[in-house]
Amino acid sequence: PVVLSQSKFIHRDNLSYPFEERGLQFGDGVYEVIRVYRGTYHLLKEHVDRLFRSAEAIKLALPFTNEQLIASLLELLKRNDMKTDGKVYLQATRGSAPRDHVFPKGVVANVYAYVQNLDRNLVNLQQGVSVLTHEDIRWEYCFIKSLNLLPNVLAKQTAKEKNCYEAILHKDGKVTECSSSNVYLVKDGTIYTHPTTKQILHGCVRMAVERFAKDLDIPFVEEAFMLDDIQDADELFLTSTTSEVLPIITVDGETIRDGKPGSITRRLQKAYEMDANIS
Ligand code: PLP
């Protein structure tokens with residue numbers, strides 16, 4: 001397999017980093033995960049635009065333009081002869097330099113990207129998943145897709161240990177998002193989700209879902225819901241690049257309605273498949 005390293009393509013076995021690397025020592029970097037269906041990117045522009053927004057928010061100069069990065073990412077799939085479903089992980093850090101909190105001078109960002117196969121989880125998409133609720137203990141800048149994922153990792157691990165797929169995060173009872181996905185509640189035909197403030201990551205699939213809702217004439221309201229609203233919800237679902245539009249059927253062991261994915265969730269799943277050309 002070939003990886004993109006800086007602006008070159010090399011065999012993945014030849015990619016290594018010095019131990020004094022700011023991504024490793026400070027989490028000083030940003031990343032993206034981009035979905036590939038049958039060898040073609042989905043929502044590529046959205047992901048690349050968000051990478052530049054994240055980089056700007058941490059004052060990280062990326063050593064390429066938006067257009068150059070898109071060209072490199074397309075080349076990455078070609079060089080790997082990618083024809084299946086998969087995902088590309090890309091990260092950019094403030095580079096390698098002697099450890100010091102202050103930004104190093106004259107050091108270029110370390111950037112790499114690689115592709116992995118990833119099958120769609122059709123069982124989860126069909127049946128839905130169980131989740132638990134968890135306090136949101138993250139920092140105030142969650143709109144940045146930064147490498148500092150420890151609170152997300154801890155929340156996801158707690159979920160895993162309770163046989164749950166995800167953790168719904170809340171601040172004093174107000175639902176923000178999940179540990180690695182956005183979350184939505186449906187009530188009386190309207191979709192509710194946290195507004196795109198600094199408290200959540202502005203998901204690329206969330207942007208697509210907002211577009212689908214508009215096309216389907218389903219009201220999409222950017223208003224946070226409370227933990228207390230969940231028991232009376234008609235439907236609940238989450239979205240992310242790797243999870244797609246995924247029904248949630250139980251929360252903290254309590255079933256949502258009849259425990260079956262709801263009709264609005266189903267319509268959005270269909271719209272997603274049409275959008276990604278996988279229906
Ligand atoms: N929220 C968090 C915290 C995430 O890590 C992710 C990424 O997967 C998302 C939301 C969903 O974003 P996207 O739809 O761009 O994958």
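Student: Which residues line the largest cavity?
Tutor: Keep in mind that this is a predicted model. The lining of the largest cavity is made up of Asp234, Glu235, Leu236, Pro247, Ile248, Ile249, Ile256, Gly259, Lys260, Pro261, Gly262 and Thr265.
Student: And how much space lies in the largest cavity?
Tutor: About 50 Å³. The structure has 2 cavities of 30 Å³ or more.
Student: Which strand gives the most to the lining of the largest cavity?
Tutor: That's β14, with 3 residues. Both β13 (235-240) and β14 (244-251) supply at least two residues each.
Student: OK, new topic. How many disulfides does the structure hold?
Tutor: It holds 0 disulfides. Take cysteine 178: the nearest cysteine sulfur belongs to cysteine 164 and is 11 Å away. A disulfide needs the two sulfurs within 2.5 Å, so cysteine 178 is in none.
Student: Is cysteine 178 buried or exposed?
Tutor: Buried, because its relative accessibility is 1% and the cut-off for buried is under 20%.
Student: What about cysteine 204, how far away is the nearest cysteine sulfur?
Tutor: For cysteine 204 it's 16 Å, to the sulfur of cysteine 142. Cysteine 204 is buried too, with a relative accessible area of 2%.
Student: Let's switch to strands. How many of the residues of strand β5 are buried?
Tutor: In β5 (residues 86-93), 7 of the 8 residues are buried, so the rest of the structure largely encloses this strand.
Student: Which strands does β5 pair with?
Tutor: One is β3 (residues 29-37), which runs antiparallel to β5 and is joined to it by 8 bridges. There, isoleucine 34 stands opposite valine 88. Another is β6 (residues 110-117), also antiparallel to β5, over 8 bridges.
Student: Now the largest nonpolar core: which residues touch the most other members?
Tutor: Out of its 27 residues, those are Val30, Tyr41, Leu60, Leu73 and Val88. The elements giving two or more residues to this core are β3, α2 (44-57), α3 (66-79), β5 and β6.
Student: What does leucine 60 touch?
Tutor: Leaving out residues up to four places away in sequence, leucine 60 touches Val30, Ala55, Ala92, Thr93, Arg94 and Ala109.
Student: And what other core lies apart from the largest one?
Tutor: There's another of 21 residues, including Tyr37, Tyr184, Ile191 and Ala213.

Conventions. Residues are numbered from 1 along each chain as its sequence is written. This is a predicted model: local features need pLDDT of at least 70, side-chain atom pairs count only at pLDDT 80 or more; totals for chains, interfaces and linings use all residues. Side-chain values use heavy atoms; hydrogens and water are left out. Buried means under 20% relative accessible area, exposed over 50%, partly exposed in between (1.4 Å probe, protein chains only). Helices (H or I, at least four residues) and strands (E, at least two) are DSSP runs, numbered from the N terminus. Two strands pair if DSSP finds at least two bridges between them. A nonpolar core is a set of buried Ala, Val, Leu, Ile, Met, Phe, Trp, Tyr and Cys residues joined through side-chain atoms within 4.5 Å. Contact means heavy atoms within 4.5 Å. On a 1 Å grid over the protein atoms alone, a cavity is a set of points where a 1.4 Å probe fits but cannot get out, and a pocket is an open set with protein on both sides within 12 Å along at least five of seven lines; lining residues have an atom within 4 Å of a point. Grid points are joined across faces, edges and corners, and a volume is the space filled by probe spheres set on the points.
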